[in-house]
Amino acid sequence: MPQPARNTRVCRDCDGFAMVAITTGTRHADGSRATLRITCPACKGAGRTIPAALHRIGR
């Protein structure tokens, strides 16, 4: 029997992809690419949001 899906709130700004790696175009001495890790500023890297009512009261 299939399991019901959880009802989690996905961040509307990043669609759940809270962290991305952006290449800078340069390479390290070993040949690997230099990347920057950027987190979503809206959800602070969580990938999900909390209801506005809980956010206002500080939970």
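I38 is partly exposed, with 39% relative accessible area. This residue belongs to strand β2 of what is a predicted model. Together with V20, I22 and L36, I38 makes a nonpolar surface patch of about 320 Å². Both strands contribute to the patch: β1 and β2 supply at least two residues each. In general, nonpolar side chains of soluble globular proteins tend to be buried together. As a further general point, side chains in a regular strand alternate between the two faces of the sheet.

β1 covers residues 19–27 and β2 covers residues 33–39, and six bridges join them in the antiparallel sense. One of the bridge pairings links M19 to T39 of β2. The strands form a hairpin in which five residues lie between β1 and β2. Within that turn, G31 has a positive phi of about 100 degrees.

Positive phi values also occur at D15 and at K44, neither of which is a glycine. As a general rule, most residues other than glycine have a negative phi. D15 is found in the segment before β1, whereas K44 sits in the loop between β2 and α1, the latter spanning residues 52–57. D15 counts as exposed because its relative accessibility of 56% is over the 50% cut-off. K44 is likewise classed as exposed, at 70%.

The loop between β2 and α1 also holds I50. I50 is partly exposed, its relative accessible area being 46%. Although I50 and V10 are 40 residues apart along the chain, their C-alpha atoms are separated by 9.1 Å.

The accessibility values discussed above are collected here.

| Residue | Relative accessible area | Class |
|---|---|---|
| D15 | 56% | exposed |
| K44 | 70% | exposed |
| I38 | 39% | partly exposed |
| I50 | 46% | partly exposed |

The largest nonpolar core consists of five residues, namely C11, C14, A18, C40 and C43. Apart from neighbours within four places in sequence, C40 is in contact with C11, C14 and A18, among others. The list of contacts for C40 also includes D13 and G45.

Methods. Residues numbered from 1 in each chain as written. Predicted model: local features only at pLDDT ≥ 70, side-chain atom pairs only at ≥ 80, totals over all residues. Heavy atoms only, no water. Core = buried A, V, L, I, M, F, W, Y, C linked by side-chain atoms within 4.5 Å. Buried < 20%, exposed > 50% of the residue type's maximum accessible area, 1.4 Å probe, protein only. Contact = heavy atoms within 4.5 Å. Pairing = 2+ DSSP bridges. Helix = DSSP H or I, 4+ residues; strand = E, 2+ residues; numbered from the N terminus. Patch = residues over 30% accessible without salt bridge, like charges linked within 9 Å, V, L, I, M, F, W, Y side chains within 5 Å. Areas by Shrake-Rupley, 256 points an atom, 1.4 Å probe, with all protein chains shown as cover. Salt bridge = Lys/Arg side-chain N within 4 Å of Asp/Glu carboxyl O.
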